[in-house]
Every structure is written in structure tokens, then in C-alpha cells.
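Colleague: I have just opened this entry and would welcome a short tour. Could you take me through it?

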Amino acid sequence: MNFYERLQDLAKKQGKSFNEIEQELGLGKNTLYSYKKNQPTAQRLRQFSEYFNVSIDYLLGRAGGNYTQYFNSVKENVRANRLKKGLTQKQLAKLIGTSVRDIQEIEEGTTYLTDEALVELSLVLEVPIEQLMVDNPEVSKTVQAGLILERIDTNFRYETAVNDINVIELLYKKVRFEKEKDELSDEDIDFILGGNAELDRDRKIELISFENSQLIINEIERLEEKVKEKLNLYDELFGYYQRGESHKQTLKELYDHKNPFKF
């Protein structure tokens, strides 16, 4: 039974028409009929829940459902939508008036959300309640990407590791291309180049090789600017070693390949 069918059933049990209910709730004409195709907002769900004296769980057909799937869906969707809005768990907790631990438990799937909590999350995250509950495979991708960005913002070493991966990926593609370019079909070369340019095969390969090298140079230049901006943080990561007490290495020590304390 979907939401619209539940409204029909509840109205029938109370012996009222949709028109009567709309008048009593101060709703526009045919508002209830619109839910044949549309999902209700969080505010409207709360209103219907109070009017019919039933839970939001019941209105959305969640009561008696697959709770394992429900927990997994909610934790993924809450986290994905939080990250999409650029909120930390602490910020979200403050906005809905709860503790950080409560948000952590929601995103770990270890707590059951009350109707009130679902409504508050829906309002703050600006998504329909239904969207917080539905099982969506694309959400996992959003969560993973968001978690990486979140870690980068809060963990400098993680940011450095991701930068390393970016450079290595570019180098890997360059090495693979140089090794396998003679085996590529003309169609594959055009695809890598981004179109069928009026050039001979050798010239196309030269352009791709140049672009691969240029991408690496651009990435290194970008990282160089980042090092300049955060030199004090990079000092902590690469410029110190421990020998009884913390010691900042001299430039000579940094360039000494025999330095036992060099990373």
C-alpha cells in the first residue's frame, strides 16, 4: 500500500471525504489527490500523522518492513545528504538539536529514527523523508566520495596521500600509453585524443604523449602552490625527525640521500 492508498484508507475509516479533510487542515483543493504522483513534504507528513493519529512509519508503509534494509538505507542516505550539503556530524547535530553521538549512531545504522528525528533531518538536509529511506545504489558512491573529501578537510596526511595517488595515476597512464601505443587501433587513439583530428597517426601519438606529460607538470605545479600555502604543515610531515628531541632538518640533510632519517 503506497502513501496515497493509505490516505484513502484512513479517510474511509474516519468516514470523511478528501474535500472535508482538506478543509479541516486548511489545504488547497485536490491537495490529497496530488499524492497519487507526488511525495509529501516532511511538514505535511507531520500534519497527517497528527490528524489521523498514526505514525509517519505507518503513513510511509514502513511499519513491519525489512528493518535491515531500512537501517542500511537510512544510514547511507543521511550520510550522503549530509556530505552533499558540506556538513560535519557536529554541525548537523547542532542544526537538529541533538548530540554528535546520536548522528554517529544514525550513520552507523545502530539506532532507529523516531518520526520526529526523520522530520528534522528531512528539513535540515532539504530532502523528502522518502528519499532518506529508499535503497539507492548511487548513494554509496556519493558517500565514498564525500568521506574522502571530509577526511581531506580534517586530516592533512590523508590529503597528502590523495595527492600522491593523483600524481601516480597520471604517471601510470603515461607509462601505459608509451608501452602500448603501437598496439592501439586508430579508433582507440582518436578516442584518447578526444576526437578524430586531421592528423597522421604518428602526430596524434605525439600529441597524446605531450598531453600526458603536461598533465603531470600541471599537477606538480598545483601541488607546489599547495606546499607554499601550507609549508608549516609540510614541515611537520617531511622536515623533522626524532633523535632524542624533535629536530628540523637542514636543506643539506633533506638532500642527503644517505640520511638515515630521510623519508
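Predicted model: local features only at pLDDT ≥ 70, side-chain atom pairs only at ≥ 80, totals over all residues.

Colleague: How many helices and strands does the protein have?

Modeller: The protein has 15 helices and two strands.

Colleague: And what share of the residues counts as buried?

Modeller: Of its 263 residues, 33% count as buried. The protein exposes about 17100 Å², and carbon and sulfur atoms supply 51% of that area.

Colleague: What about contacts between residues at least 6 apart in sequence: what percentage join residues at least 24 apart?

Modeller: For the protein, that figure is 57%.

Colleague: Let us turn to helix 1. Which of its residues are buried?

Modeller: The buried residues in helix 1 are Phe-3, Tyr-4, Arg-6, Leu-7, Leu-10 and Ala-11. Viewed down the helix axis, they fall within an arc of 160 degrees, so they line one face of helix 1.

Colleague: Why would residues three or four places apart point the same way?

Modeller: An α-helix has 3.6 residues a turn, so residues at that spacing point the same way.

Colleague: Which exposed residues sit on the face of helix 1 turned away from the buried side?

Modeller: That face carries Lys-12 and Lys-13, both exposed.

Colleague: What span should helix 1 have, and how far apart are its end C-alpha atoms?

Modeller: Helix 1 covers residues 3-14, and its 12 residues should span 16 Å at 1.5 Å a residue. The end C-alpha atoms are 17 Å apart, which agrees. Just after helix 1 comes Gly-15, with a positive phi of about 65 degrees.

Colleague: Which residue other than glycine has a positive phi near 60 degrees?

Modeller: That describes Asn-53, which lies in the loop between helix 3 and helix 4 (56-59). Asn-53 is exposed, at 70% relative accessible area. Asn-30 is not a glycine either, and its phi is positive at about 70 degrees. Asn-30 belongs to the loop between helix 2 (18-25) and helix 3 (42-52), and it is partly exposed with a relative accessible area of 41%.

Colleague: A change of topic: is Ser-209 buried or exposed?

Modeller: Ser-209, located in helix 13 (residues 201-229), counts as buried, because its relative accessibility is 15% and the cut-off is under 20%.

Colleague: Which residues does Ser-209 touch, leaving aside those up to four places away in sequence?

Modeller: Ser-209 touches Phe-177 and Glu-178. The side chains of Ser-209 and Glu-178 make a polar contact at 2.7 Å. These two residues are 31 apart along the chain, with their C-alpha atoms separated by 7.5 Å.

How values were computed: Residues numbered from 1 in each chain as written. Heavy atoms only, no water. Helix = DSSP H or I, 4+ residues; strand = E, 2+ residues; numbered from the N terminus. Buried < 20%, exposed > 50% of the residue type's maximum accessible area, 1.4 Å probe, protein only. Contact = heavy atoms within 4.5 Å. Areas by Shrake-Rupley, 256 points an atom, 1.4 Å probe, with all protein chains shown as cover. Polar contact = N/O pair within 3.5 Å; in protein donor to acceptor, adjacent residues only side chain to side chain. Expected span 1.5 Å × (residues − 1). Arc of directions from axis to C-beta.
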